[in-house]
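Student: Hi! I've just opened this one and would like a friendly tour. Could you walk me through it?

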Amino acid sequence: MAHTEGAPPRLQRLSALLAICLVAIAVGFAFGRILVGHGASYRMIAVGLASGVLAWITERRGMLVATLVSAAALLLAVTWVAVPHSTWYALPTVSSVRTLGTLATLVGAQAREYVSPAPATPALVMAGAIAVWAAVFSCYALAFRAQSPLLALVPPLALVVFADSVLDDQIKPIYGVLFLIAALAVLFADSLRRIRAWGPVWSPVAGRDRLLPVAGSNARRVGATALVVAAIAPLFVPGFGTTSVLDISRFGSDNRIRVSPLVQMGSILRDTKDNNPPFFEVQVQPGHLSYWRMVALDTFDGDTWQARADPGSEIQDGTIQLSSINGESVTQTFTMLDDLGYSWLVAGGLPTSIETGDTVSWHPLSSSLTMDGWPDKGESYTVTSTYANPTPDDLRNADVAHADPVDTQLPTDTPIPPVVAQTAQRWTANADSTYDAVMAIMHHLRGPSFTYDPNVDLQDNPQALADFLHDRRGFCQQFAGLMAVMLRSLGIPARVGLGFTQGDPVANETGTYIVHGHDYHSWVEVPFNGYGWLTFDPTPTFSDPASLSYANAATEPVCVPGQGHNCGTLHPGQGSKGPNTDKGPTRVGDVKAGITNQLLGGETAPQRPRPLGGITLSSLVVAGLAIGLLLAMGIPLWHWIRRRRRMHAARDPRTLVLATYDVFTDRAKELGVGRSPGETPEEFRRKLAATETLDGANEPLSRMTAEVVRAAYGPDGPDATTAAGVRRDADAVLHALRAATPLRQRVLGRYRQD
């Protein structure tokens, strides 16, 4: 049976749209499983559908245009699903791009840190959205542009297989069946475009088009049989349901927390600024607040701090260890206010005993408690700890404890910028004891020249330490990471503590505090004889209540020329007024790479230029790039909109033929062979034929020209079939011209002046 005239092209387009939507849904559902919560899957599906629909809309445009439009839409989509708070009326801003750049540096570290299903952090959501978008868009391009449907299924199949390989949940064949349905839809749509021989699948009945029940019956039988066999066959394969021979989901998942000293916590603090869930409630004796340590990180590889591998030992009868320090015994009770996605149990001070119904282990190397599983909402436990309360004089006399060599090690294969150690030596030049050296560094970092800012954008490498010293803006992780490295450069043992600040007090409940996501914090710990690891917090405006007896009584450092410290309200010692006293802050050299050798005592460098009206050179460059990007996208988009309006304005076959020819000549002009004013269609045909670039398209050109002349001057107007034929001929000629036109002309032609 013959096909209904005019219907197959519409069916081809609709079948392609349906197929790519099924692919997007299958990939979104399957790949979204690697993140916790249904919301992540819904976002992946939405991103996939947007990518597929956009690929379908831009199919008839050039590949370059489609790719540029897709890239711009991807930026919108990623911004909406990962960092919606950074938009301006739902549009990405410079801050959005910077935030996305920061998140991109975190993907690798978070992928190593979490075991699937992982928390839906902005970094992982961004990575997932990009992966789904690219898979769906490339699937459509390969299937319906390159006509390689089997190759087109590889990108989405890779995401489905990846999700299955990293998840340990029960077998769920629904994802495989759904993907098979999508794959068959892609093959069916491609077959319609290739042979149009699957029967009268679309036919007018009773004045409207509908899919006939008998249409493609053989194809539907084959498809249904394939689905049933694919869903059932694995049940009979030996080893079905057992673990894989090579389980890649376990690689790197040693349940150790890893934290970049300069980057990773920023995304958490920014994410909890607007979404600030309560984590747990703590009840403690009045006057005995402290930071709640989760884990101590004692190994630094130049990029990240992490805890050493420590299997720990299971706690028996609630006794953790005998107290080895001088101090006061304090009891704390913690109650979970949400289902938490980690196994660490927080505690203050030095834990000595714990009361809980779960199996808990103590890890002495990281001073951490872990449970077998994750704490659930409503669970509680009680910890008894020893709080040390030394005075500054006690610590000056005690000196640092004998520590493990690891606690003073710095990486050798990834050298730390020399400026870090040089600055530490200058800041501690007048220190008479180890305690005074620790306090000198902490005091400088807490001084007025450093600013707490969770929105900084630094890289994840050793140079970021020097950049932070130069820019003097950062958040807790940067302050703690830099101070710990500085102390180790002086031979003082130090590590980074990770956990939460004391939390917010509950009204009318003495000794009860609620700890939220924004209380996530890091600090520095240094061991002293008889007192154990003590907290020193270098982050401005933050202080551990348990450290006030010794960390709040530091002698202000002497601010001398070349020290690199913004004196602000700090005053030099008597008689030490230098030549720079009346010139504001002293800035010595530049700690950026390549000029750290300028950091010499007493040598000053020019002040950094201040921006005019708050506009810096980098802001102007970013604004210029943004304007250029908008123009690069906007001009071709404007031409496309103008042509679409011209075609939509055609109300009958005659005007449609003439509109098609106008659009044809307009697009030919972009390719360097425009129609001159007053040039007749026949003259333009001869000019095109003389270029010898049509490569077999002379017949469509002649046929189109004849129909255009007939439509413009003939008494009888063309019918709809003729109008459709003119459009096909125009596309064929343009395809031949485009193939013979250099890429440079094709790109520059889109930005011509009309």
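Tutor: Happy to! Let's start with a term: two strands pair if DSSP finds at least two bridges between them. Helices (H or I, at least four residues) and strands (E, at least two) are DSSP runs, numbered from the N terminus. This is a predicted model, where local features need pLDDT of at least 70, side-chain atom pairs count only at pLDDT 80 or more, and totals for chains, interfaces and linings use all residues. Residues are numbered from 1 along each chain as its sequence is written, and side-chain values use heavy atoms, with hydrogens and water left out.

Student: Okay, how many bridges join strand S9 to strand S14?

Tutor: Eight bridges join S9 (residues 328–336) to S14 (residues 380–387), and the two run antiparallel. As one example, Gln332 has Val383 in S14 as its bridge partner.

Student: Which strands make up the open sheet, and in what order?

Tutor: The order is S11-S14-S9-S4-S19-S18, six strands with antiparallel pairing. Strand S11 (350–355) and strand S18 (504–505) stand at the edges with a single partner strand each, so one side of each has no neighbour in the sheet.

Student: What about S20, is that strand enclosed or open to the outside?

Tutor: Nine of the nine residues of S20 (residues 520–528) are buried, so the strand is largely enclosed by the rest of the structure. Buried means under 20% relative accessible area, exposed means over 50%, and partly exposed is in between (1.4 Å probe, protein chains only).

Student: Which side chains of S20 point which way?

Tutor: Tyr520, Ser522, Val524, Val526 and Phe528 point one way, while His521, Trp523, Glu525 and Pro527 point the other way, and all are buried. In a regular strand, side chains alternate between the two faces of the sheet.

Student: And which strands are joined to S20?

Tutor: Strand S17 (residues 495–500) is joined to S20 by six bridges and runs antiparallel to it; there, Val496 stands opposite Val524. Strand S21 (residues 532–536) is joined to S20 by five bridges, also antiparallel, with Phe528 opposite Gly532. The hairpin of S20 and S21 has three residues between the strands, and Gly530 takes a positive phi near 85 degrees.

Student: Switching topic: how many salt bridges are there?

Tutor: The count comes to 18 salt bridges. The rule asks for a side-chain nitrogen of Lys or Arg within 4 Å of a carboxyl oxygen of Asp or Glu.

Student: What does Asp404 pair with?

Tutor: Asp404 forms a salt bridge with Arg308, and their closest N and O atoms are 3.3 Å apart. The pair links distant parts of the chain, 96 residues apart: Arg308 is in the loop between strand S7 (305–306) and strand S8 (313–314), and Asp404 is in the loop between helix H11 (392–398) and helix H12 (418–427). Arg308 is partly exposed at 21% relative accessible area, and Asp404 is partly exposed at 32%.

Student: Which partner does Arg686 have?

Tutor: Arg686 meets Glu682 in a salt bridge, 3.7 Å from N to O. Being four residues apart in helix H19 (residues 681–690), they are separated by about one helical turn.

Student: And Arg710, what does that residue pair with?

Tutor: Arg710 pairs with Glu707, with the closest N and O atoms 2.9 Å apart. Both lie in helix H20 (residues 698–713), three residues apart. Elsewhere, salt bridges that share partners join Arg642, Arg643, Asp666 and Glu670 into one network.

Student: What lines the largest cavity?

Tutor: The lining residues include Arg61, Trp640, Arg643, Glu670 and Arg750. Helix H17 (617–648) and helix H18 (653–670) are the elements that give two or more residues, and H17 provides the largest share, three residues.

Note on methods: 1 Å grid on protein atoms, 1.4 Å probe; cavity = no way out; pocket = protein on both sides within 12 Å on 5 of 7 lines; lining within 4 Å.
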